[in-house]
Amino acid sequence: MAAQPVSRMLRRVLRSSVRSCSSGALVTQPHPGEPSQPAVEPLLSQVPSGRRRFLREHAAPFSAFLTDSFGRRHSYLRISLTEKCNLRCQYCMPEEGVPLTPKADLLTTEELLTLARLFVKEGVDKIRLTGGEPLIRPDVVDIVAQLHQLEGLRTIGITTNGINLARLLPQLQEAGLSTINISLDTLVPAKFEFIVRRKGFHKVMEGIHKAIELGYSPVKVNCVVMRGLNEDELLDFVALTEGLPLDVRFIEYMPFDGNKWNFKKMVSYKEMLDTLRQQWPELEKLPEEESSTAKAFKIPGFRGRVSFITSMSEHFCGTCNRLRITADGNLKVCLFGNSEVSLRDHLRAGASEEELRRIIGAAVGRKKRQHAELFLMCQDSPPAIPSISFRDSLHVQGLRHRVSFSSQMVTLWKGGWLPQIPLLAQRWLASGLPQRHYGSHLDSDANPKCLSPEPRAPATPSGPLPTSDQLTHVDREGQVAMVDVGGKPDTERVAVASAVVLLGPVAYKLVQENQLKKGDALVVAQLAGVQAAKLTSQLIPLCHHVALSHVQVQLELDSTRHAVVVRASCRARGPTGVEMEALTSAAVAALALYDMCKAVSRDIVLAEIKLVSKTGGQRGDFHRT
């Protein structure tokens, strides 16, 4: 890439830097005499010429069993290979995971292929493998290879979080994988770790690089845009398409069962488009492909493109051609619908192919014109802005904090995963983020009694805790001095601190309903607490720098006092304790809550900032009872 375009891209990224419906395919030329339809027959160069001729000249009539009462032909099947996932996204599942279906109740590989064979015979020409995370299934390569043998199947795609992609992609491509969608909601490594509760940002970027290296073009990157979490990275994502053959697909945040509608959390397609046009007025719309869920745009001169999946604001129910089979063998005709039919049970009961056709046909025939709740929302509501609300269980999902690219992003550029940038910019980027990373999670099983407003007995040590008659940070001459811990042994240190923010009824209600104009107060406070723990030695002059191995900040709503209870815990292995890190974390989280709510009320009280417990060290353990 020329230096000038790289510089332009970098300036845009730096200026702005102060948590699966279609697929990306290898570029192919249209067959002589056929209209140009990019990505309709991906990877044709890998398909034997005889089979290519067969697919073109002997297309079977489309099955009535896969045509619903509104004339929609369902030629696209999504198959979930597993319920398991190797990430724990804040907006998706709790840290400890979710209950899994017993293995005996999941589809076997043979059952999966039997169903796939039936659907392809009836007219399905595209299969996408999903999860969970499909690439953690041990036989995923073999499944792709066997699907590739099905006559009539044109496209085999996969949607992945990218963690295992670089390692498996060469085998998958050889087996016949046509297209790849990679989920990535942020370009900031620290925020990635915050969202997914795992490390792995570099593995995802390596997977994207590997897909480009192997010739997939465009490589589709799915980004679910959530207000308060990542809508401030839109320009950063788009800037990557200048030098890379990416199709960055911004997906409107969608609700799923058990969650509440929230018209504040979704960033609509038109709002995103307006943001992009302010930066790139020359952005031009591309023709829409038949049955496509994406509205595609391109910036002249850029290698890649940008798409929008308008699942909510401008739904595409009228052209939906998708069916889904879950990992336990249930057929879903609509992502929004609750109706499912167990194909697994019928298979295991010995149903014939004809009986399975009738069962599938009956389910497809019952498919609604569009989902009822979606229909009502689209007809009677302002532009649809839905959200998943985890407020009751405090699965905090938003994040408005804006951070610059860290030195990890520089490493990606150096490694060839992103366009090279000037040395001066590398130095600027490298200073952007602290180099100690954190793991933050919310424990849905936490006992609320530990933070109850009941009067507490005086603190009692659980072991020997001798006091000193001298201040440890003052020397014999009365001068300030840092304690020398060089001779102390390294031990596992854990400390927990808490604080209470008494908001008052008005501010409490706004926080509870997430209606503050500034954004999600609980998320901002949580992130502030995590950052404060990492920066304690810079805030408290005589504290030692501690390499924390874990920071956890929890916030709990207390309706009886119109308060938010903050609980911060820190862990490290070293010669000194981490109680100051825990106390600083709780205190700063409380201050951040005050800052978020002060426009509503100045009658906010920060109270009960205290150490709850500490373990490790020569002076013994302490537990406030």
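Is Asn 514 buried or exposed? Select it: Asn 514 is buried, at 8% relative accessible area. Buried means under 20% relative accessible area, exposed over 50%, and partly exposed in between, with a 1.4 Å probe and protein chains only.

**Before moving on.** This is a predicted model, where local features need pLDDT of at least 70, side-chain atom pairs count only at pLDDT 80 or more, and totals for chains, interfaces and linings use all residues. Residues are numbered from 1 along each chain as its sequence is written, and side-chain values use heavy atoms, leaving out hydrogens and water.

**Stop 1: around Asn 514.** Asn 514 sits in the loop between α15 (505-512) and α16. Helices (H or I, at least four residues) and strands (E, at least two) are DSSP runs, numbered from the N terminus. Asn 514 is not a glycine, yet its phi is positive, about 55 degrees. Most residues other than glycine have a negative phi, and most peptide bonds are trans.

**Stop 2: a helix pair.** Select α16 (residues 521-534) and α18 (residues 579-597). Their axes come within 7 Å and cross at roughly 150 degrees. Axes are lines fitted to C-alpha atoms, for helices over the stretch in contact, and angles run from 0 to 180 degrees between N-to-C directions. Color Val 524 and Ala 528, among the α16 residues that meet α18. Across from α16, the α18 residues include Val 588 and Leu 593. Contact means heavy atoms within 4.5 Å.

Stop 3: Now show β16 (residues 550-558). Seven of its nine residues are buried, so β16 is largely enclosed by the rest of the structure. It pairs with β17 (residues 563-574) in the antiparallel sense over nine bridges. Two strands pair if DSSP finds at least two bridges between them. Val 553 has Ala 568 in β17 as its bridge partner. Between the strands lie four residues, and His 562 takes a positive phi near 50 degrees.

**Stop 4: a buried helix.** Go to α6 (residues 189-196). Eight of its eight residues are buried, including Lys 191 and Glu 193. Arg 197 follows α6, with a positive phi near 60 degrees.

**Stop 5: two cis bonds.** Find Gly 131 and Gly 132: the peptide bond between them is cis, with omega near 10 degrees. Gly 132 lies in the loop between β3 (126-130) and α4 (140-147). Then select Ser 217 and Pro 218, joined by a cis peptide bond with omega about 0 degrees.

**Last stop.** Finish at Glu 608, in strand β18 (residues 605-615). Glu 608 is partly exposed, at 34% relative accessible area.
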